[in-house]
Amino acid sequence: MAASSSSAVSGLAGAALASRPAFSSSFVRGGRVSARNPLMTRNLERNGRITCMTFPRDWLRRDLSVIGFGLIGWIGPSSVPVINGNSLTGLFFSSIGEELAHFPTPPPATSQFWLWLVTWHLGLFIVLTFGQIGFKGRTEDYFEK
């Protein structure tokens, strides 16, 4: 019994399984259909990398000019002194300095640092998002009639 099990297992790696079995079908012209492995990536593999044919490789379509203009476009308005004579950028950067003064201990949960951190970065990410939409929409003629 052990001999038959070992021969069956060794037969799985043999050349008999490498060939595709043919099946007969009345739904297909010719009557014979060969089974194929849907996981074969022979046609999808390029340069040793598996790629998807329908998904664009550069889906983010990032452009460093958007990041640069977005950062400048956010630092400008956030540097206007409208919060009791201080700017959001100034308050955020000064709170960083205050928290670094006692470096090994983290800022407490009641520190103003967290408010300025979240507000400043939220504004930055909103500006970057709209900048990406506007810049790429214009370069790809999305807004044209």
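Guide: The discussion below turns to helix contacts, an annotated span and an aromatic pair. This is a predicted model, in which local features need pLDDT of at least 70, side-chain atom pairs count only at pLDDT 80 or more, and totals for chains, interfaces and linings use all residues. Residues are numbered from 1 along each chain as its sequence is written, and side-chain values use heavy atoms, with hydrogens and water left out.

Visitor: At what angle do helix 3 and helix 4 pack?

Guide: Helices are DSSP runs of H or I with at least four residues, numbered from the N terminus. Axes are lines fitted to C-alpha atoms over the stretch in contact, and angles run from 0 to 180 degrees between N-to-C directions. Here, helix 3 (residues 88–100) and helix 4 (residues 112–139) pack at about 135°, with axes 9 Å apart. Helix 3 and helix 4 are therefore oblique to each other; angles under 35 degrees count as roughly parallel, over 145 as roughly antiparallel, 65 to 115 as roughly perpendicular and the rest as oblique.

Visitor: Which residues of helix 3 make the contact?

Guide: Contact means heavy atoms within 4.5 Å. Helix 3 contributes Leu88, Thr89, Leu91, Phe92, Ser95, Ile96 and Glu99, while Trp116 and Trp120 are among the residues from helix 4.

Visitor: At what angle does helix 2 pack on helix 4?

Guide: Helix 2 (residues 64–78) and helix 4 also pack at about 135°, with axes 9 Å apart. Among the residues that meet are Gly70 and Trp74 in helix 2 and Gly123 and Val127 in helix 4.

Visitor: Which residues does the "transmembrane region" annotation cover?

Guide: The unreviewed UniProt entry assigns it to residues 113–135. That span is 100% helix and 0% strand, and its end C-alpha atoms lie 32 Å apart.

Visitor: How many aromatic pairs does the structure hold?

Guide: A pair of aromatic rings is described by the distance of the centres and the angle of the planes. The structure holds 5 aromatic pairs (rings of Phe, Tyr and Trp, its six-membered ring, with centres within 6.5 Å). Phe92 and Trp120 form a stacked one, 5.4 Å centre to centre with 25° between the planes; stacked denotes planes under 30 degrees apart. Phe92 lies in helix 3 and Trp120 in helix 4, so the pair ties together parts 28 residues apart in sequence.

Key. Helices (H or I, at least four residues) and strands (E, at least two) are DSSP runs, numbered from the N terminus. UniProt positions are given in the numbering used here, feature names are shortened, and annotations may be inferred rather than shown by experiment. Rings of Phe, Tyr and Trp (its six-membered ring) pair if their centres lie within 6.5 Å; planes under 30 degrees apart count as stacked, over 60 as edge-to-face and the rest as tilted.
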